[in-house]
Amino acid sequence: MKEQAATDPIGRRTTFASTRRLPSLVIAGAISFLLVAVMSGALADILAPQGYNDQNLLIRLKPPSFLGGPHGYYFGTDELGRDVFSRVLFSLRFSLLIAVTGTLVGAGFGTLLGFLAAHFQGLWEDILSALVDFQASIPFMIFALAALAFFGNSIFLFVILLGLYGWEVYARLVRGLVLSAKELGYVEALRNLGFHPIRIYSRHVLPNIGGALLVQITLNFPGIILLESGLSFLGLGIQPPLTSLGLMIGSGREFMTTAWWTAVAPGTVIFLTALSVTLVGDWFRDRLDAMPSN
Amino acid sequence: MSARFLIVRTLRALLTLILVVTFVFLMLRLAGDPIKMLLPEDTPASVVEQYRARWGMDAPIYVQYIRYVASVLHGDFGMSFRDGRPALQAVTERIPATLTLGFAGLAVALLVGLPAGIAAAVMRNSIVDRSVISFAVVGHSVPTFFFGILLIMLFSMSLRWLPSSGSATWAHLVMPALTIGLWNAATLARFTRASMLDVLSQAYMKTVLANGLPSSWRILRYALPNAAIPIVTMLGLIVGQLLSGAVIVETVFAWPGIGRLTVTAVAGREVAVVQTIVFLSALAMVMANLLVDLIYGWLDPRIGSKTGGMSR
Amino acid sequence: MNPASLLTVTAVSRSFASARGLFGPKARMIKAVDDVTFSIGRKETLALVGESGSGKSTTGRIALGLMKPTSGTVHYENEDLFKLGGAAWRQSRRNMQMIFQDSAGALDPRMPVGAQIEEVLSVYGLAGGKSARHNRVVDALDRVGLGGASIEHRLPRELSGGQRQRIAIARALAMQAKLIVCDEPVSALDVSVQAQIVNLLMEMQQVFGLSYLFISHDLRVVRHISHRVAVMYLGRIVEIASTADIFKNPHHPYTQALLAAVPTTRRHHPSAGPLLGGELQDPASASSGCRFQGRCPFSRDICRWVEPALVEVGQGRQVACHLAVRADTEGGGRA
């Protein structure tokens, strides 16, 4: 599950999708899908025909309405007669919310360490590299599961774990960017103006490296979505009565033979979301690379 | 490869393992009473007392730490809740199944990922290249568990060619190996392509190719050995991906390996089993990375002579 | 320490470790600045001239407190710059500012230039409210010849090099800095713009009583702007005197060579002059004797063995050359 989208193991940038510009039609599709997904999650209360835990035991495991299922159940029903379409909308909301929070935690933590390493160098760089070595020594899935076993499941821990996935990519990126910003001269000039380092980093350096950071966030995001849904699929992430896309697939798996739609509907949504974010991230990076560097 | 390089790398590996042991010890202390967490609830009081004494729970923390490290070195990780056996035994008996799956997955990844990456690089911008790129992007967006379920639906339910779960025959291995292998093949194809493109764009390669049509023999003969250096570094990453992937794939296909054991152990909060798995997988990763370093140093003598400075 | 002087640099040296592993396992120390002493008075411009690699930029950074010297002290108004704590050091920045050769590198590439001046005012609380600050920004821009409201909203890359240099000057003025270190401030600019910036600097000196440490390799500019000139060679000051003395009657052979290389307005051939043969020595190969002896046409035996000290040879004039000292004493104050 571990992936490094921005650099290969020897630190060189590799191109995930293509060095060429992707066909604009594909990008337009990806952006529209993401817009629809975000809107669906945000407006789930309005858009969903039913609540995500509304049961109707009379219509269990019925196929989607377009395949002859009950009217109004676009994606069919699950083993408790809940509307799969409504559940997908709410799952999208929770999954995206958790994934975004985890991403922000990871990006924040990594960025902070990157700044510390670049500012103080020496000891902080050693700490950073020891942490990176340590994290690379345990497969992330095993690490996450162990933390859940030790401390028990909670949303808080879950979000922290998602954040720990990929933080080192940000830390390394930010350290490199800050070091090169320091060489550009404006950091020294600001220092000479007598500004406090915190002001220099937050008001001046951060906005200057923000674009590259944002690209990295987009490139890491699919991995976080897959991790979130993977852990939830195993029953170790988001717990009922809340719902998430991974959780839906996990319970839908039991009914593969009789009601494939219970797993295929959320699975397709995860796939399309991860794919769209990847495509948009690549496109975004190509645009940033093409921009004149000041 | 210099002896110094070898020593530095080995020391780093050992240091990392010590870090892992320390980390687990701290987690155990933070999470609560380690004895309670490592022994089943119905453990006889005498056994509990025996463990308390052995780990010196009343002693200062550093003594506890040293004793903990000593017991880890002896392979004593506590007892499994479910059957009251030593946790190490419960884990080691699962290793062969996971190794089988891991090697099969690695074989799929290499057999698919390497040729795909090479072909994409050699036929850059062709339909082949585009297909490989699409495969890599799409392959990385499909959740492995979802892919596994789709395979089961297709091959077990519709076509009825393959068994959907268990590990009784070789046929059982096909779908889990494909699921875990294709995911990694996507990663590998991407890196191989990038690495090959890098080598092919270099001056000496242009000379080699200018001597005639770019025959596939020439490319394999001249470009691949150079492209192999960065690809080898991927393998450490892939071992981690295989282990992470095993957790999910073994659950989907009810494959009786370490991954599935991890999930049941976590669900039952069997900390003893979980910590054993953490140590063993860390050991596997560290060994894999050490091996990668050594192969790397052997492939590229310049690295070996420059010692460990490259790590930062 | 001269009480009248604003900035006093005393016996400052700075060594760098050369890249390790390139020439051997051990790092070698290179003395970029070696025992440099000078002072700058109020409303005075001291020029620091020399070839690239002479250590003049490093000296400038040390004088400003941006870089710690290996040894030696820098006092600004009797305060030791390197004994200041973080907060006091930052406060000292208000008094001393720098203008860089790379005008683009001195400004945040993503912030409108007006906002960058305003930020300085707000950090130091130099103007009351937001509107007062804005007025000050407009004033400052006006004063450096960038009047009109359109400039302040532009990004640095949308301005010319000369305009950016004016912004840097405006920012230093807004801070009410008293000393400005100008590190090759005009050498990246077109010749026509150079004169404007130099004139602006001189005008600001008149109006605000500024002091400048003016680092340059361009002797024509130096002659125009500076009151005194210090000539550096391989990390040491070899001659320091008033601008008139230096240009009329250079004592040190290196100064003479530098002046001979200046293209005059009449003769447009920038000849290196017959005096400057040989290569700039590797500063790492610290051999005994005078540093300039390898390129010096008047080199004697003594130059090979004894390093000449910087000694007073006249009113406010110091030279580090065995020959100049002797000529001076023999000739009975010929200078």
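What percentage of the 312 residues of chain B count as buried? The share is 45%. The views below come from a predicted model.

**View 1. Chain B is a chain of helices without strands.** Chain B has 14 helices and zero strands. Among the contacts in chain B that link residues at least 6 apart in sequence, 73% join residues at least 24 apart.

**View 2. Chain A and chain B meet in a contact that draws residues from both.** Chain B gives 51 residues to this contact, and chain A gives 47 residues. On the side of chain B that touches chain A, several helices each supply at least two residues, including helix 1 (3-31), helix 9 (171-200) and helix 13 (271-299). Helix 11 of chain B provides the largest share of that side, 12 residues. Sorted by class, the side of chain B that touches chain A holds 35 nonpolar, 13 polar and three charged residues.

**View 3. Residues 92-281 of chain A carry a UniProt annotation.** An unreviewed UniProt entry lists this stretch as "domain: ABC transmembrane type-1". Over residues 92-281 of chain A, the chain is 82% helix and 0% strand. The end C-alpha atoms of the stretch are 20 Å apart.

View 4. The largest nonpolar core has 258 residues. The residues with the most contacts inside this core are Ile142(A), Leu145(A), Val274(B), Ile180(C) and Val231(C). His224(C) lies in a helix and is partly exposed. His224(C) is found in helix 7 (residues 219-225) of chain C. His224(C) counts as partly exposed because 15 C-beta neighbours lie inside 10 Å, whereas a buried residue would need 20 or more. Thr243(C) is 19 residues from His224(C) in sequence, and their C-alpha atoms are 9.0 Å apart in space.

**View 5. Two strands of chain C form a hairpin.** Strand 11 (residues 311-314) and strand 12 (residues 317-319) of chain C run antiparallel and are joined by three bridges. In one pairing, the bridge partner of Gly314(C) is Arg317(C) in strand 12 of chain C. Two residues lie between the strands, and Gly316(C) in the turn has a positive phi of about 60 degrees.

Conventions. Residues numbered from 1 in each chain as written. Chains lettered and ligands numbered in written order. Predicted model: local features only at pLDDT ≥ 70, side-chain atom pairs only at ≥ 80, totals over all residues. Contact = placed C-beta atoms within 7 Å. Helix = DSSP H or I, 4+ residues; strand = E, 2+ residues; numbered from the N terminus. Nonpolar A, V, L, I, M, F, W, Y, C, P; charged D, E, K, R; others polar. UniProt positions renumbered as here; feature names shortened; annotations may be inferred. Core = buried A, V, L, I, M, F, W, Y, C linked by C-beta atoms within 7 Å. Buried ≥ 20, exposed ≤ 12 C-beta atoms within 10 Å, placed from the backbone. Pairing = 2+ DSSP bridges.
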